[in-house]
Amino acid sequence: MTDLTLMTAASDPAGVLPALALLSYRVRVLPMDAASLVKLPERTILFLDASDDLANAKTLCSLIHASGLGVPIILVLTEGGFTAVNGQWGAADVVVNTASPAEVEGRLRLVRERGANAPATAPAPKDLADYREDGRVRSGDLVVDTKSYTATLKNQPIDLAYKEFELLKYLVQHPHRVFTRAQLLQEVWGYDYYGGTRTVDVHIRRLRAKLGGEYEHMIGTVRNVGYRFDPPEQEGDGEDGDATENGAAPSSASTASAASGTD
């Protein structure tokens, strides 16, 4: 059965698109905010309630696409809302909030078929980290060893606390993908962490400082969204630790491993 999610700020979710209640689907309901993005399953069709707050809906559409989530979005609109929507929103389809069950079912079918018929494309080389069978992930002069919990830059160990290493590892494993602070908090710290998203900013700042001025730009900030890892445009062709022409080891690198660090 198709997995459906409704994201809305309405106090009565059933009233957003009443036809959904008349169809044989189980619908997950999430609050209409950026924090809900981490709760979206990888395979779902998202009904995004744009009937009351078009600006917030447009922002969430941008966040979803910037975060690399391949979730098809069906905007739920009032009649008047259609004039504000265009292709830049990135929605798979739109539906008026008074649509009949037959129309909603038809639009769901079209979205499913478009997804099934979309050509499979391999990721571009620049979107892939260089994975090794021994558990090391290399990006230019930076090597992250997921087995020994160590990281090196130009063959020099980086002194990382445990969560700093986990954050760096997660970003390096997903190059060019933008993550919100809430997503990073959930993926790196887990649901049992009760701190605010500011802790992500603090750890990002520490990571940049330890990478040094020449390499701190590899952890980029996407304004109003979050962070992403930007690998060097030209990576070295040698074995791990070989210097590139322009690279230089940070003078503050130490010999301690991430496994021995504390937050």
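L6 stands opposite V29 of strand 2, where strands are DSSP runs of E with at least two residues, helices are runs of H or I with at least four, and both are numbered from the N terminus. Strand 1 (residues 4–8) and strand 2 are paired in the parallel sense over five bridges; two strands count as paired if DSSP finds at least two bridges between them. The model is a predicted one, in which local features need pLDDT of at least 70 and side-chain atom pairs count only at pLDDT 80 or more, whereas totals for chains, interfaces and linings use all residues. Residues are numbered from 1 along each chain as its sequence is written, and side-chain values use heavy atoms, with hydrogens and water left out.

The chain contains five helices and 13 strands. Of its 263 residues, 43% are buried, a term that denotes under 20% relative accessible area, with exposed meaning over 50% and partly exposed in between (1.4 Å probe, protein chains only). Among contacts with a separation of 6 or more, 60% involve residues 24 or more positions apart, a contact being defined by heavy atoms within 4.5 Å.

An open sheet is formed by five strands in the order 2-1-3-4-5, with parallel pairing. Its edges are strand 2 (27–31) and strand 5 (93–96), each of which pairs on one side only. From one strand to the next, the twist averages 25°. Strand 3 (residues 45–49) includes I45, which is buried with a relative accessible area of 5%. Residues up to four places away in sequence being left out, I45 touches T2, D3, L4, T5, P72, I74, L108, V111 and R112. The C-alpha atoms of I45 and G70 are separated by 9.7 Å, and the two residues lie 25 apart along the chain.

The largest nonpolar core comprises 27 residues, of which L142, L167, L168, L171 and L184 touch the most other members. Such a core is a set of buried Ala, Val, Leu, Ile, Met, Phe, Trp, Tyr and Cys residues joined through side-chain atoms within 4.5 Å. At least two residues of this core come from each of strand 8 (142–145), strand 9 (150–153), helix 3 (162–173), helix 4 (181–189), helix 5 (198–211) and strand 13 (226–229). Helix 3 gives the most, with six residues. Apart from neighbours within four places in sequence, L142 contacts V137, T152, L153, I158, L168, V172, L211, M218 and F229. A second, separate core of 23 residues includes M32, L48, A57 and W89.

Helix 3 packs against helix 5 at an angle of about 85°, and their axes are 10 Å apart. Helix 3 is therefore roughly perpendicular to helix 5, a description applied to angles of 65 to 115 degrees. Axes are lines fitted to C-alpha atoms, for helices over the stretch in contact, and angles run from 0 to 180 degrees between N-to-C directions. K163, E164, L167, L168 and L171 of helix 3 make the contact with H203, I204, R206, L207 and K210 of helix 5. These residues divide into five nonpolar, one polar and four charged; Ala, Val, Leu, Ile, Met, Phe, Trp, Tyr, Cys and Pro count as nonpolar, Asp, Glu, Lys and Arg as charged, and the others, Gly among them, as polar.

In helix 4, the buried residues are Q183, L184, L185, Q186, V188 and W189. The buried residues of helix 4 pack against helix 3, strand 11 (179–180), helix 5 and strand 13. Just after helix 4, G190 adopts a positive phi of about 90°.

Terms used: Parallel < 35°, antiparallel > 145°, perpendicular 65-115°, else oblique.
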